[in-house]
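Please read the following report beside the sequence and the 3D structure.

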Amino acid sequence: MIKDMIQKAAAVSALFVFAWFCLGSQVVHAEPASEYQSAYTKGTLDRNAFVHPGIINNAQELAWMKQYATGNGAKEPWKSAFPELKALVQSYYDRSSGQYIDFSKMGTTQITRANSGGFNDMRINASKAYNLSVYYHITGDETYAKTARDIMMHYSNQFEGIGSLKDGGLYDCTVISGVIAQKFCSAAEILIYDKYSGWGNKETKALIDMFNKDSGADVICSMARLLDWRNDVDGLMSKYDMDNLAHGHAAFTDFGALSYAVFAGDKNLYEKTVKSITASVSPDHTEGGASWQRKPKVKGTGGSLTYIINPVTGQNKESDRDMVHAIVLTSSLVTSAKIADNQGDNSIFESHDRLLLKNVEFMAKYNLGYDVSYTNTYPWEHHTKAITTFNRGYGLLEDPMFEAAYNYYRYNNSGAQGNDTYLEQLVNNRTILPEPISEDVTGMGTLLYSNPARTEVYHRLPEKKKNPKNTILADQVFALVSNASVKGDGRVAVKGKKGIISYPTPDWQQDGKATKEIGIKYSSTTKGYVEIRLQSVDGTRYGQYLTSDIEAGNTGSLLARIDLQNTNGVQAEAKGLIFNKNGNTGGELVNNGNKHMLFVVFYPENPNGQVEYSQLLLRP
């Protein structure tokens with residue numbers, strides 16, 4: 001019955017879409033007028049209502065990256081950031097690469113809970129399409145534009161819709177839908193802006209149609225319908241398990257909604273989403289059930305800044321889960337803020353006394369290795385009862401949007417500066433720079449979002465170095481957490497009662513053998529000792545690299561203790577054996593797929609003395 005109604009409604013809706021886009025249309029799916037109706041089904045989409053390009057990239061930023069990334073006019077920081085994108089894009093054409101673009105393996109026709117993880121081919125290839133479009137914009141080589149176009153048209157032709165009546169309803173489909181919408185729409189936006197000859201009205205219409213498809217027998221709704229998740233006029237969102245929107249997934253859905261709205265011209269969806277993100281709502285959630293399934297007390301608030309971010313500490317609703325999820329939640333909010341700002345609306349960046357900046361600062365500070373103020377009282381104990389140390393620091397290398405936030409708060413607004421101390425330290429950290437490319441958000445902010453005002457600052461930064469085999473260079477730090485400084489020759493100097501330095505996780509098996517001993521090249525004017533720790537500055541347990549209660553935030557393992565002598569300033573070498581889980585020597589460190597922040601903690605006997613070290617040595 002409903003399918004018959006849909007077929008009759010399609011012919012009428014096609015006339016409206018024709019008038020809007022001057023193309024003619026075959027509507028794949030339209031809800032009955034008495035239920036849910038979108039701008040697509042009503043034929044009221046209007047791309048002219050928005051600034052283009054204006055999703056994640058604006059015209060000025062696109063001009064800067066094209067001018068400064070490569071060639072005779074290359075300029076920092078774009079110049080140093082471009083090779084990472086180049087290497088990644090080139091790997092897409094290498095059959096021996098794990099990144100090779102293989103159209104025969106692009107099989108997703110329907111997004112369900114079962115296939116909504118990071119392995120989903122549509123999600124992965126949406127990121128590739130965006131990266132290819134950026135690379136095309138910089139180089140002007142249409143080979144890459146064509147591949148991006150072919151990826152998007154491949155999925156446009158075969159995609160059927162979202163959810164499964166047989167497999168978990170709509171749960172988790174929200175995240176991947178947001179990612180795909182943002183990447184595909186941003187990629188197409190660049191191709192249109194650059195007037196790529198292979199992209200015209202036909203391709204734009206096909207992509208918009210794809211987002212509105214609801215044609216599979218087992219499909220619950222279209223992707224565009226899911227992106228409009230706050231509209232529950234038809235009861236669809238209430239019917240299925242959407243509890244994951246309570247702890248951050250709504251932020252993914254929202255940046256996808258804004259991306260689609262700008263690209264397709266859905267002004268109502270855009271305005272509704274921005275209004276909801278910036279609304280003043282309670283952070284309370286409903287008790288009961290598994291902690292990660294606690295629903296907001298007020299329906300539809302899951303993506304709001306004041307629901308997600310604690311206004312006192314700056315933590316977010318994933319801060320007690322793991323840092324990859326916590327950082328990508330922050331990055332999702334920054335993505336939405338960036339899209340709105342490109343449309344001339346800085347309300348997400350600025351609302352609630354710059355609440356988003358408070359969250360960005362919290363994440364930067366904690367993931368560099370500093371202590372932070374934190375609360376685990378209701379409603380901020382959404383997953384556990386403590387701030388997580390799992391993946392602490394690693395999220396900076398996984399799903400970052402810190403550069404987009406920094407370049408807004410520092411350069412692209414007329415408001416007061418300040419309150420970005422740790423954000424500034426993070427984005428100007430040579431160990432981390434350039435900002436990595438992400439498959440969830442865009443990442444690569446050094447290339448995408450930099451401002452020429454950063455050039456002078458960038459040139460003053462120390463040289464980025466590659467750690468030699470089985471070695472950690474002293475100055476390749478995440479942060480000098482306390483009582484430490486980097487000298488001009490790359491050595492780190494420590495003076496005071498307790499010096500703390502944080503590092504990214506090293507490769508524990510560079511020769512295929514486990515690390516059983518850690519050494520240090522140093523000079524000192526006092527006796528003392530140094531502890532090599534994972535995650536926690538103080539730690540609670542000895543030995544094991546991966547502990548059993550990671551999500552409880554209790555992962556401060558002491559890996560080794562090294563005694564230091566007073567060398568009267570002459571360089572020496574000391575070493576310590578790895579502890580086992582019982583706190584005795586004889587342990588070993590192996591790679592296990594998890595990334596943990598490394599802390600080097602100095603305890604000098606005389607706080608007025610000074611320890612200087614140049615290298616940490618990993619030995620089998």
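## Cysteines

Counting as a disulfide any pair of cysteine sulfur atoms within 2.5 Å, the total for this predicted model is 0 disulfides. Cysteine 173 takes part in none, and the nearest cysteine sulfur, which belongs to cysteine 221, is 8.0 Å away.

Cysteine 173 counts as buried because its relative accessibility is 0%. Cysteine 185 is also buried, with a relative accessible area of 0%. Here buried means under 20% relative accessible area, exposed means over 50%, and partly exposed lies in between, with a 1.4 Å probe and protein chains only.

## Confidence and conventions

The model is predicted, and local features need pLDDT of at least 70, side-chain atom pairs count only at pLDDT 80 or more, while totals for chains, interfaces and linings use all residues. Residues are numbered from 1 along each chain as its sequence is written, and side-chain values use heavy atoms, with hydrogens and water left out.

The predictor's confidence in each residue, pLDDT, runs from 0 to 100. The average for the chain is 87, and 88% of the residues score at least 70. Residues 1-34 stay under 50, and the model gives them 53 contacts beyond four places in sequence; a contact means heavy atoms within 4.5 Å. Residues 536-555 are also below 50, with 65 contacts beyond near neighbours in sequence. Where pLDDT is low, the predicted coordinates should not be read in detail.

## The chain as a whole

The chain contains 19 helices and 14 strands. These are DSSP runs numbered from the N terminus: helices are H or I with at least four residues, and strands are E with at least two. Of the 620 residues, 60% count as buried. Among contacts between residues at least 6 apart in sequence, 77% join residues at least 24 apart.

## Helix H14

Since 18 of its 20 residues are buried, H14 is largely enclosed by the rest of the structure.

At the N-terminal end, aspartate 322 caps H14, with a side-chain oxygen 3.1 Å from the backbone nitrogen of valine 324. After H14 comes glycine 344, with a positive phi near 85°.

## Nonpolar cores

A nonpolar core is a set of buried Ala, Val, Leu, Ile, Met, Phe, Trp, Tyr and Cys residues joined through side-chain atoms within 4.5 Å. The largest one has 138 residues, and Phe184, Tyr260, Leu356 and Leu447 have the most contacts inside it. Helix H7 (residues 173-193) gives the most to this core, with 12 residues. Beyond its neighbours within four places in sequence, phenylalanine 184 touches residues including Met122, Ile151, Leu207 and Phe211.

A second, separate core has 29 residues, among them Val530, Ile532, Leu589 and Leu598.

Threonine 446 lies in helix H18 (residues 445-448). Threonine 446 is buried, at a relative accessible area of 0%. Leaving aside neighbours within four places in sequence, its contacts include Pro77, Trp78, Glu403 and Tyr458.

Methionine 237 is found in helix H10 (residues 236-239). Is methionine 237 buried or exposed? Methionine 237 counts as buried because its relative accessibility is 6%. Between methionine 237 and glycine 300 there are 63 residues in sequence and 9.9 Å in space, C-alpha to C-alpha.

Key:
Polar contact = N/O pair within 3.5 Å; in protein donor to acceptor, adjacent residues only side chain to side chain.
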